[in-house]
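The sequence and structure are shown first.

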Amino acid sequence: MKTAFVAAATSASLALLVACQKSPPPPDPVATPAPPPKPAAPPTLWEAYQSTFKQAKYIDLTHAFNPSIPVWPGFGPAKFKPSVAGHDVPDLVKKGAEFKYKPQGFIATAYEFTTDQYGTQLDPPAHWDEYGATISDLPPTFSVRPLVVIDIHEQAARDPNYHCTVADIQSWETRHGTIPEGSVVMIRSDWYKKWNEPQRFANAPFPGIKLDALKFLHLERKILFHGHEALDTDTTPSLEGESWLMHNHFAQAEGVANLDQVPEAGALISIGFAKPEGGTGGYARYVAIAPPDWPHGVTIAEAPGAPLPKQPFPLKRDKDGVLRPTKETK
């Protein structure tokens with residue numbers, strides 16, 4: 001009996017299963033339309049821009065470069081000149097002719113550089129090391145970092161050959177706490193104020209940073225890179241600081257300006273540079289981003305950037321080929 005019951009139950013189950021598969025499913029209840037999707041909330045960094053960066057103060061730490069700026073004596077000056085047509089362009093310009101506001105409607109400038117170690121710059125390891133990263137190898141994470149400013153300007157005023165020490169760094173940490181990992185450390189000497197004295201600026205003695213201080217910053221505090229206002233890291237015969245940096249695959253900034261207008265702690269730095277493939281140096285743009293209550297710098301409201309201001313006079317090239325607003329004289 002038990003066997004017959006099981007067989008009958010199994011047969012009935014199979015029959016029910018077949019019937020269910022052949023029968024149409026019961027109708028669904030009336031579906032309620034789904035509500036429209038809500039707009040996505042702005043990304044968090046947009047909120048940070050509105051609440052913080054829009055009110056922040058921006059300070060340019062970069063010298064504009066031209067053919068008369070200081071340059072390391074081993075290199076020569078750059079040349080600026082008008083761009084000329086490389087080919088005939090029908091109804092526009094003949095080969096070899098200069099582009100002009102009239103009749104072409106635009107101009108351009110040609111630059112001849114004797115070196116990529118020019119002006120405010122960013123040095124990659126390839127500058128000294130044949131296995132070093134070039135400027136085009138630097139990652140996009142260089143873009144924004146915490147900014148630390150070590151102030152040695154009083155020592156440099158007494159001794160133009162003064163070099164930042166580990167003690168100077170530790171003094172900063174006593175006041176502000178440990179230097180953040182991955183930060184950019186700038187050495188303020190106020191040497192940038194001699195930029196308009198090219199011969200004096202480019203020659204020793206000038207302020208720098210000692211090798212043991214560089215090792216402390218990189219090996220103990222693990223910074224991204226350091227920067228200074230002079231065109232060399234130090235005044236030792238072998239340039240031992242720069243040699244150590246490049247051969248240990250660290251970058252550095254040179255020719256930095258306006259560090260006297262930046263807080264010692266609490267600011268950020270924006271880092272931009274040209275990206276020639278395989279380049280051994282980068283023409284750089286450094287901008288400090290300081291808190292809104294900082295007395296120096298401009299806000300986005302004060303300098304929105306669009307539209308840009310109109311020149312007071314037409315642009316004319318000076319004797320070095322640099323475009324400058326120039327009042328016409330009769």
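## Pockets in the predicted model

A pocket is here an open set of grid points where a 1.4 Å probe fits, with protein on both sides within 12 Å along at least five of seven lines. Its volume is the space filled by probe spheres set on the points. The model examined is predicted.

## The largest pocket

Sorted by class, the lining has seven nonpolar, six polar and three charged residues.

## The second largest pocket

For the second largest pocket, the volume is about 200 Å³. Among the residues that line this pocket are Pro82, Glu98, Phe99, Lys100 and Tyr101, together with Pro314, Leu315, Lys316 and Arg317. Strand S13 (residues 315-317) gives the most to the lining, with three residues. Eight of the lining residues are nonpolar and four are charged, while no polar residue is present.

## Nonpolar cores

The largest nonpolar core contains 24 residues, and those with the most contacts inside it are Leu61, Leu122, Leu147, Phe225 and Tyr286. At least two residues of this core come from each of strands S5 (144-151), S7 (184-188), S11 (267-273) and S12 (282-290). The greatest contribution is that of S12, with four residues.

Key:
Residues are numbered from 1 along each chain as its sequence is written. This is a predicted model: local features need pLDDT of at least 70, side-chain atom pairs count only at pLDDT 80 or more; totals for chains, interfaces and linings use all residues. Side-chain values use heavy atoms; hydrogens and water are left out. A nonpolar core is a set of buried Ala, Val, Leu, Ile, Met, Phe, Trp, Tyr and Cys residues joined through side-chain atoms within 4.5 Å. Buried means under 20% relative accessible area, exposed over 50%, partly exposed in between (1.4 Å probe, protein chains only). Ala, Val, Leu, Ile, Met, Phe, Trp, Tyr, Cys and Pro count as nonpolar, Asp, Glu, Lys and Arg as charged, and the others, Gly among them, as polar. On a 1 Å grid over the protein atoms alone, a cavity is a set of points where a 1.4 Å probe fits but cannot get out, and a pocket is an open set with protein on both sides within 12 Å along at least five of seven lines; lining residues have an atom within 4 Å of a point.
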